[in-house]
Amino acid sequence: MINFINRYGAEMVQRSMEHLYLVIVAIVISTIVGIPLGILVTRKPKLKKPILGFANIMQTIPSLALFGLLIPVPVLGGIGDRTAIIALTLYSLLPIIRNTYTGIVGVDRAIVMAGTGMGMTDMQLLWQVELPSG
């Protein structure tokens, strides 16, 4: 075991850092995309089914199949970091969208009505009532 760590330890650390980089980039992108989509779904209920449906489909595709679908796609595909980041981003969208939606919808309607009664705009309700309470 000591020989293995001495021989491959540096490469293991390097590969772990590469993996961490890919995951962090994908999570940042999916957060930037997913939170606004979750908010949009609360404001436009007709979009709930297609947006959550797409995210559900992406979540159910096995990872090797998703890579197989992405590799031949021009611009997005190929073998490398870009394809891995796209796949990880697609996989992480569903929990972010669904949790954003659930958090906002779960805010007590009496609190939202009180904010509306005080004359708050939709954006003020979102930033000052729904997001902090959700």
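Helices here are DSSP runs of H or I that hold at least four residues, numbered from the N terminus. Keep in mind that you're looking at a predicted model.

**Stop 1: Thr89**

Start by selecting Thr89, which sits in helix α4. Is Thr89 buried or exposed? Its relative accessibility is 10%, and buried means under 20%, so Thr89 counts as buried. Now show what surrounds Thr89: leaving out residues up to four places away in sequence, Thr89 touches Ala26, Ile29 and Ser30.

**Stop 2: α1 against α4**

Next, select residues 2-43, which make up helix α1. The crossing of α1 past α4 is right-handed. If you colour this contact by residue class, you'll get 21 nonpolar, 8 polar and 2 charged residues.

**Stop 3: α2 against α4**

Move on to α2, residues 48-60. The axes of α2 and α4 come within 7 Å, crossing at roughly 140 degrees.

- from α2: Lys48, Ile51, Leu52, Phe54, Ala55, Asn56, Met58 and Gln59
- from α4: Leu90, Tyr91, Leu94, Pro95, Ile97, Arg98 and Tyr101

By class, that contact holds 11 nonpolar, 2 polar and 2 charged residues.

**Stop 4: α3 against α4**

Now select α3, residues 63-70. Its axis comes within 10 Å of the α4 axis, and the two cross at roughly 130 degrees. That angle makes α3 oblique to α4, and α3 passes α4 in a right-handed crossing. Which residues meet here? On the α3 side, show Ser63, Leu66, Phe67 and Leu70; on the α4 side, show Thr83, Ala84, Ile86, Ala87, Leu90 and Tyr91. The contact of α3 with α4 has 8 nonpolar and 2 polar residues, with no charged ones.

**Stop 5: Leu76, in the loop**

Follow the chain from α3 towards α4 and stop at Leu76, in the loop between them. Leu76 has a relative accessible area of 41%, so it is partly exposed. Setting aside residues up to four places away in sequence, Leu76 touches Leu70, Arg82, Thr83 and Ile86. For a distance check, draw a line from the C-alpha of Leu76 to that of Met17: these residues are 59 apart along the chain, and the atoms are separated by 23 Å.

**Stop 6**

In soluble globular proteins, nonpolar side chains tend to be buried together. To see that kind of grouping here, select Leu66, Leu90 and Ile97, which touch the most other members of the 15-residue largest nonpolar core. The elements giving two or more residues to this core are α2, α3 and α4 (81-105). Of these, α4 gives the most, with 7 residues.

Finish at a second, separate core of 5 residues. Select Val107, Met120, Leu125 and Val129, which are among its members.

Methods:
Residues are numbered from 1 along each chain as its sequence is written. This is a predicted model: local features need pLDDT of at least 70, side-chain atom pairs count only at pLDDT 80 or more; totals for chains, interfaces and linings use all residues. Side-chain values use heavy atoms; hydrogens and water are left out. A nonpolar core is a set of buried Ala, Val, Leu, Ile, Met, Phe, Trp, Tyr and Cys residues joined through side-chain atoms within 4.5 Å. Buried means under 20% relative accessible area, exposed over 50%, partly exposed in between (1.4 Å probe, protein chains only). Axes are lines fitted to C-alpha atoms, for helices over the stretch in contact, and angles run from 0 to 180 degrees between N-to-C directions. A crossing is left-handed if the near helix is turned anticlockwise from the far one by less than a right angle, and right-handed if clockwise. Ala, Val, Leu, Ile, Met, Phe, Trp, Tyr, Cys and Pro count as nonpolar, Asp, Glu, Lys and Arg as charged, and the others, Gly among them, as polar. Angles under 35 degrees count as roughly parallel, over 145 as roughly antiparallel, 65 to 115 as roughly perpendicular and the rest as oblique. Contact means heavy atoms within 4.5 Å.
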